[in-house]
Amino acid sequence: MKHFSLLFIFLVILLATSYSDAFTRNSFPKDFLFGAATSAYQWEGAVAEDGRTPSVWDTFSNSYDTGNGDVTSDGYHKYKEDVKLMATMGLESFRFSISWSRLIPNGRGLINPKGLLFYNNLIKDLKSHGIEPHVTLYHYDLPQSLEDEYGGWINRKIIEDFTAYADVCFREFGEDVKLWTTINEATIFAIGSYDQGTAPPGHCSPNKFVNCSTGNSSTEPYIAGHNILLAHASASKLYKLKYKSKQKGSIGLSIFAFGLSPYTNSKDDEIATQRAKTFLYGWMLKPLVFGDYPDEMKKTVGSRLPVFSEEESEQVKGSSDFIGIIHYTTFYVTNHQPSASLFPSMGEGFFKDMGVYIIPTGNSSFLVWEATPWGLEGILEYIKQSYNNPPVYILENGMPMVRDSTLQDTQRIEYIQAYIDAVLNAMKNGSDTRGYFVWSMVDVYEILSGYTTSFGMYHVNFSDPGRKRTPKLSASWYTGFLNGTIDVASQDTIQLWSNFSVSSSL
Ligand code: BGC
């Protein structure tokens with residue numbers, strides 16, 4: 001008996017100590033921002049209303065049978081309701097994007113007063129509920145008119161047009177908007193849109209996953225990537241010269257970042273993983289921080305990789321006040337062809353140049369993404385060590401589930417809390433991460449899967465003309481976490497508790 005009580009006291013001490021590992025909202029700095037995200041084409045609907053003209057995403061989605069964003073969650077008409085949901089949830093920041101062709105229907109020139117009004121109303125409504133707007137200027141939706149006129153992102157003319165569009169946004173909304181992301185997930189945008197053909201405008205070489213009507217996967221992703229960096233840098237320069245001292249905001253570029261981890265502990269796979277990091281992160285991060293592409297990419301891609309002039313290099317270097325990270329899952333990397341590799345995909349292009357094989361972790365598939373919080377921790381550590389520890393925002397993280405399958409999305413809750421824990425760990429190790437956004441606030445039209453999977457914390461009934469919103473369990477969980485009533489026990493603690501119940505029942 002005496003032994004038992006000693007054991008019991010020991011276990012209580014152990015549990016109490018490990019509970020100090022549990023975390024709450026207050027484990028994070030007060031000015032850290034917890035938010036949720038959407039994007040214009042995926043959330044707004046109203047594609048032909050009040051002067052908006054088509055974007056390349058309208059054209060792209062209408063050429064496939066996965067549905068389109070014509071109405072989607074109807075955020076254009078239901079934004080007030082959504083802002084109320086956010087306020088009730090205690091959301092600290094809402095990340096959304098501006099539809100360029102709603103604000104400036106011809107891509108350049110005249111501003112659409114109704115577009116202007118919509119974004120002003122949305123921003124004012126967020127502010128009046130104490131929610132910080134985080135605005136993305138570009139999320140896959142180039143005005144179709146600019147694509148038709150000169151080919152969009154693969155033409156340098158985009159730099160001037162993007163900067164003029166950004167100028168309008170800074171001027172009109174900059175009093176209230178302190179956080180700007182120029183371009184969403186720039187890396188995978190260039191790859192998905194110009195190498196794989198799976199994102200608008202859908203360019204690729206022949207014999208890829210999809211059939212594209214035009215494209216060149218071995219050159220276009222690098223040309224688009226280059227113009228993306230230059231357009232971002234140009235908008236950032238303009239912001240700094242004309243607005244920053246008065247508006248006091250910050251501006252950054254976001255990249256898509258899979259976690260990357262060696263498949264085996266061989267030296268070979270370690271080298272392959274470094275190479276994948278260079279291609280998938282360094283391609284954009286190195287120019288943003290040090291002004292040029294990684295040497296390894298220059299060597300491999302050769303003359304297909306555009307070259308920065310000295311002036312461009314100076315302009316790109318230091319152009320991001322923060323780095324936005326879009327992260328969903330992790331892949332293993334190997335040098336040797338395994339049976340189940342996703343990449344290199346067929347044919348020439350970015351992944352062939354990268355020259356390594358990438359394998360899903362655990363049970364990841366198109367619909368199920370394995371939560372690999374250690375993968376995100378690895379990215380944050382890598383950015384801290386290799387790129388001078390810049391401020392970082394996790395601008396998207398979330399879990400797809402089959403739509404309408406359940407409102408009890410406990411798997412999603414486990415996923416989100418594990419990732420928030422990973423962010424906290426990275427911060428304890430010195431990462432300057434300043435915010436975390438769940439993708440997505442409500443169910444939206446999805447870029448790869450249309451309406452078959454969704455990530456929303458609120459279910460949207462897409463068969464109902466009123467697009468009724470219903471909270472999923474994840475919405476209640478996030479609400480509790482944000483208002484401090486939910487303590488998240490660390491995995492260790494959960495493990496200890498279960499060990500305790502097993503041992504005490506013996
Ligand atoms: C994109 C979103 C998309 C999400 C989920 C992100 O990479 O920015 O537009 O809906 O992934 O697939």
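Predicted model: local features only at pLDDT ≥ 70, side-chain atom pairs only at ≥ 80, totals over all residues.
Colleague: What makes Cys204 and Cys212 a disulfide?

Modeller: A pair of cysteine sulfur atoms has to lie within 2.5 Å. In Cys204 and Cys212 the S to S distance is 2.0 Å, so the pair meets that cut-off. A search of the whole structure turns up 1 disulfide.

Colleague: Okay, and why is the disulfide of Cys204 and Cys212 called right-handed?

Modeller: Look at the torsion about the S-S bond: for Cys204 and Cys212 that torsion is about 100 degrees, so the disulfide is right-handed.

Colleague: Is Cys204 buried or exposed, and how do you know?

Modeller: Buried means under 20% relative accessible area. Cys204 has 2% relative accessibility, so Cys204 counts as buried. Cys169 is buried too, with a relative accessible area of 0%.

Colleague: What about Asn207, then: buried or exposed?

Modeller: For that label the cut-off is over 50%. Asn207 comes in at 62% relative accessibility, so Asn207 counts as exposed. You'll find Asn207 in the loop between α9 and α10.

Colleague: What is listed about the phi of Asn207?

Modeller: Phi of Asn207 is near 65 degrees, which is a positive value in a residue other than glycine. Tyr140 is also a residue other than glycine with a positive phi, near 70 degrees. Tyr140 sits in the loop between β3 (132-138) and α7 (144-150).

Colleague: And how do you know whether Tyr140 is buried or exposed?

Modeller: Tyr140 has 4% relative accessibility, and buried means under 20%. So Tyr140 counts as buried.

Colleague: Let's move to the helices. How do α9 and α11 pack?

Modeller: Helix α9 (residues 186-196) and helix α11 (residues 267-290) pack at an angle of about 120 degrees, and their axes are 9 Å apart. The crossing of α9 past α11 is right-handed.

Colleague: Which residues make the contact between α9 and α11?

Modeller: On the α9 side there are Ala186, Thr187, Ala190 and Ile191. From α11 come Leu280, Trp283 and Met284.

Colleague: How many of the residues in the contact of α9 with α11 are nonpolar?

Modeller: Sorted by class, the contact of α9 with α11 has 6 nonpolar residues, 1 polar and no charged ones. Ala, Leu, Ile, Met and Trp are among the types that count as nonpolar.

Colleague: Now the strands. Why is β12 called largely enclosed?

Modeller: Count the buried residues: in strand β12 (residues 433-439), 6 of the 7 are buried, so β12 is largely enclosed by the rest of the structure.

Colleague: What makes β1 and β12 a pair?

Modeller: Two strands pair if there are at least two bridges between them. Strand β1 (residues 33-37) and β12 are joined by 5 bridges, so they qualify, and they run parallel. For instance, Val438 in β12 is the bridge partner of Ala36.

Colleague: How many bridges does β10 share with β12?

Modeller: Strand β10 (residues 392-397) pairs with β12 over 4 bridges, again in the parallel sense. There, Val392 stands opposite Thr433 of β12.

Colleague: Last topic: which peptide bond involving Trp439 is cis?

Modeller: The bond that joins Trp439 and Ser440 is cis, with omega about 5 degrees. Ser440 belongs to the loop between β12 and β13 (453-454). The peptide bond from Pro200 to Pro201 is cis as well, and its omega is near 10 degrees. Pro201 is in the loop between α9 and α10 (220-247).

Methods:
Residues numbered from 1 in each chain as written. Heavy atoms only, no water. Buried < 20%, exposed > 50% of the residue type's maximum accessible area, 1.4 Å probe, protein only. Axes fitted to C-alpha atoms, helices over the stretch in contact; angles between N-to-C directions. Helix = DSSP H or I, 4+ residues; strand = E, 2+ residues; numbered from the N terminus. Left-handed = near helix turned anticlockwise from the far one by under 90°. Contact = heavy atoms within 4.5 Å.
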